[in-house]
Amino acid sequence: MSNTITFTIDGVEVTGQSGQTIMEAADAAGIYIPRLCALEELAPHGSCRVCTVMVNGRPQAACTQPIAEGMVVENETEQLLAIRRDIIDMLFVEGNHFCMFCEKSGNCELQALAYRFGIAAPRFPYLFPKRDIDATHPDIFIDRNRCILCGRCVRASRDIDGKNVFEFVGRGFDKRVAVNAEANLADTDAAVTDEAVNVCPTGALLKKRVGYAIPVGQRKYDHKPIGSDIEKK
Amino acid sequence: MAKPKVATTSLAGCFGCHMSLLDIDERILKLVELVDFDKSPVDDIKEFTGRCAVGLIEGGCANEENVRVLQDFRRHCDVLISVGDCAINGGIPAMRNGIALMECLQEAYSTDHRLGPKVHNPDNVIPNDPELPLLLDKVYPCHEVVKIDYHLPGCPPPADTLWEALVALLSDKPVALPYELIKYD
């Protein structure tokens with residue numbers, strides 16, 4: 001039997017069920033906590049740290065931290081907004097994010113978060129890393145220039161598709177998403193119908209022959225900031 | 001009182017941002033009432049004639065001439081604005097940044113498959129005339145070369161973005177753009 005837990009987010013009283021994470025309870029209460037690696041249908045990963053909140057004065061990932069009675073959560077403080085902005089900035093300079101020709105532009109969660117935070121230009125120097133593209137598969141491709149290592153494809157392929165097509169290899173700056181085959185994506189059993197293809201927040205994993213299907217002005221984040229669907233509740 | 005002056009330039013850009021500036025339609029008449037253009041492709045003035053209130057920079061720095069022009073703008077302009085994705089992050093020209101410069105030049109000029117109907121370069125010569133500005137090792141965003149005061153992203157930035165920002169600056173108001181006017185594409 002689940003029992004009710006009451007806590008506060010930015011001074012507002014929120015009620016949740018025992019076992020819920022801070023993010024789940026906040027979503028249900030119509031409070032948006034920014035996130036990149038978290039996705040409702042996937043197990044929490046806690047890797048992007050964009051959802052960092054202060055819990056009783058200590059930083060915690062809202063997507064993994066369970067709620068507790070009387071917990072004091074801070075979400076929209078100046079300090080947290082600055083930390084989140086810096087994380088988004090770093091994701092932009094660590095990859096090669098050329099929005100101007102990316103098919104995901106307008107529907108990209110990384111870009112949408114930058115819009116929501118009003119970022120006109122990153123504050124850190126661009127690294128322009130050399131990353132590769134895997135276009136061997138007939139229906140899908142990987143562009144590692146746009147990968148932010150959120151692990152959504154890894155989790156979706158493992159937990160929903162039951163295929164284990166993707167996994168991380170390497171450490172630190174050299175960490176990248178690899179495929180479960182000797183060489184290329186074409187050698188795996190990845191299919192265009194896999195959920196793993198749909199969950200990528202950026203344009204790192206895309207379906208071929210879709211292109212710029214939705215006109216500018218009608219895309220997901222053209223008019224409304226990311227998270228406004230949660231805040232509307 | 002004399003009108004404030006605006007200067008514009010396109011460094012490693014495609015002039016698309018300048019096209020977007022022209023896209024303000026009939027407001028261009030109001031713009032002419034508001035400002036005079038100094039060094040700019042709009043009026044073809046090649047050198048600065050004096051101090052400017054606002055400098056609009058399109059494109060990043062791909063060669064030494066780009067750097068000189070950008071530094072010249074910084075010296076002459078009170079407020080310098082990076083206009084468009086190329087000025088802000090290098091844009092399309094910056095796609096060469098992960099590849100060594102010599103490799104890029106060889107691919108463009110000295111490989112045999114480049115000998116086609118549109119390229120007459122029988123000796124596979126890489127251009128090296130003293131008249132040509134030397135290329136930099138990579139394409140640099142403007143704010144990594146000089147201090148930039150404002151950034152207006154977009155490819156190109158919408159005409160409304162340019163208009164709103166210019167009018168705010170010229171009337172001493174803060175540049176506060178609504179959500180829909182900050183876009184990266």
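## Briefing on a predicted two-chain model

In chain A, strand β6(A) pairs with strand β7 (residues 140–143) in the antiparallel sense, and two bridges hold the pairing. Chain B has 185 residues, of which 37% count as buried, and its secondary structure comprises six helices and seven strands.

- Although A:Arg123 and A:Glu231 belong to one chain, they are 108 residues apart along it, and their C-alpha atoms are separated by 29 Å.

**Chain A: two domains**

- The domain assignment of chain A gives domain 1 as residues 4–76 and domain 2 as residues 85–210, and the C-alpha centres of these two domains lie 25 Å apart.
- Where the two domains of chain A meet, 11 residues of domain 1 are in contact with 14 residues of domain 2.
- On the domain 1 side of this contact in chain A, the residues divide into eight nonpolar, two polar and one charged.

**Chain B: overall layout**

- Read from the N terminus on, the elements of chain B follow the order β-α-α-β-β-β-α-β-α-α-β-β-α.
- Taken along the principal axes, the C-alpha atoms of chain B fill a box of roughly 60 × 35 × 30 Å.
- Among the contacts in chain B between residues at least 6 apart in sequence, 76% join residues at least 24 apart.

- Strand β2 (residues 36–37) of chain B runs parallel to β1(B) and is joined to β1(B) by two bridges, with B:Val6 standing opposite B:Phe37 in β2(B).
- The pairing of β1(B) with β3(B) is also in the parallel sense and extends over five bridges; here B:Ala7 has B:Gly55 in β3(B) as its bridge partner.

**Chain B: helix α3(B)**

- Helix α3 of chain B, made of the 13 residues 64–76, reaches 19 Å from its first C-alpha to its last, which is close to the 18 Å expected at 1.5 Å a residue.
- The residues B:Asn66, B:Leu70 and B:Phe73 are buried in α3(B).
- Seen down the axis of α3(B), the buried residues fall within an arc of 55°, so they line one face of the helix.
- The face of α3(B) turned away from the buried side carries the exposed residues B:Glu64, B:Arg68 and B:Arg75.
- The cover over the buried residues of α3(B) includes β1 (5–10), β3 (52–58), β4 (61–63) and β5 (77–83) of chain B.

**Chain B: helix α6(B)**

- Helix α6 of chain B, made of the 12 residues 159–170, reaches 16 Å from its first C-alpha to its last, close to the 16 Å expected at 1.5 Å a residue.
- The buried residues of α6(B) are B:Thr161, B:Leu162, B:Trp163, B:Ala165, B:Leu166 and B:Leu169, and what covers them includes α1 (16–22), α2 (27–34), β3, β5 and β7 of chain B.
- Just after α6(B), B:Asp172 takes a positive phi of about 60°.

**Where chain B touches chain A**

- In the contact between the chains, 23 residues of chain B are in contact with 17 residues of chain A.
- On the side of chain B that touches chain A, α4 (85–89) and β7 (150–152) of chain B each supply at least two residues, and the largest share, three residues, comes from α4(B).
- By class, this side of chain B has 11 nonpolar, seven polar and five charged residues.

Technical notes:
Residues are numbered from 1 along each chain as its sequence is written. Chains are lettered from A and ligands numbered from 1 in the order in which they are written. This is a predicted model: local features need pLDDT of at least 70, side-chain atom pairs count only at pLDDT 80 or more; totals for chains, interfaces and linings use all residues. Helices (H or I, at least four residues) and strands (E, at least two) are DSSP runs, numbered from the N terminus. The expected span of a helix is 1.5 Å times one less than its number of residues. A residue is buried if 20 or more other C-beta atoms lie within 10 Å of its own, exposed if 12 or fewer, and partly exposed in between; C-beta atoms are placed from the backbone. The arc is that of the directions from the helix axis to the C-beta atoms. Two residues are in contact if their C-beta atoms, placed from the backbone, lie within 7 Å. Two strands pair if DSSP finds at least two bridges between them. Ala, Val, Leu, Ile, Met, Phe, Trp, Tyr, Cys and Pro count as nonpolar, Asp, Glu, Lys and Arg as charged, and the others, Gly among them, as polar. Domain bounds come from an automatic or database domain assignment.
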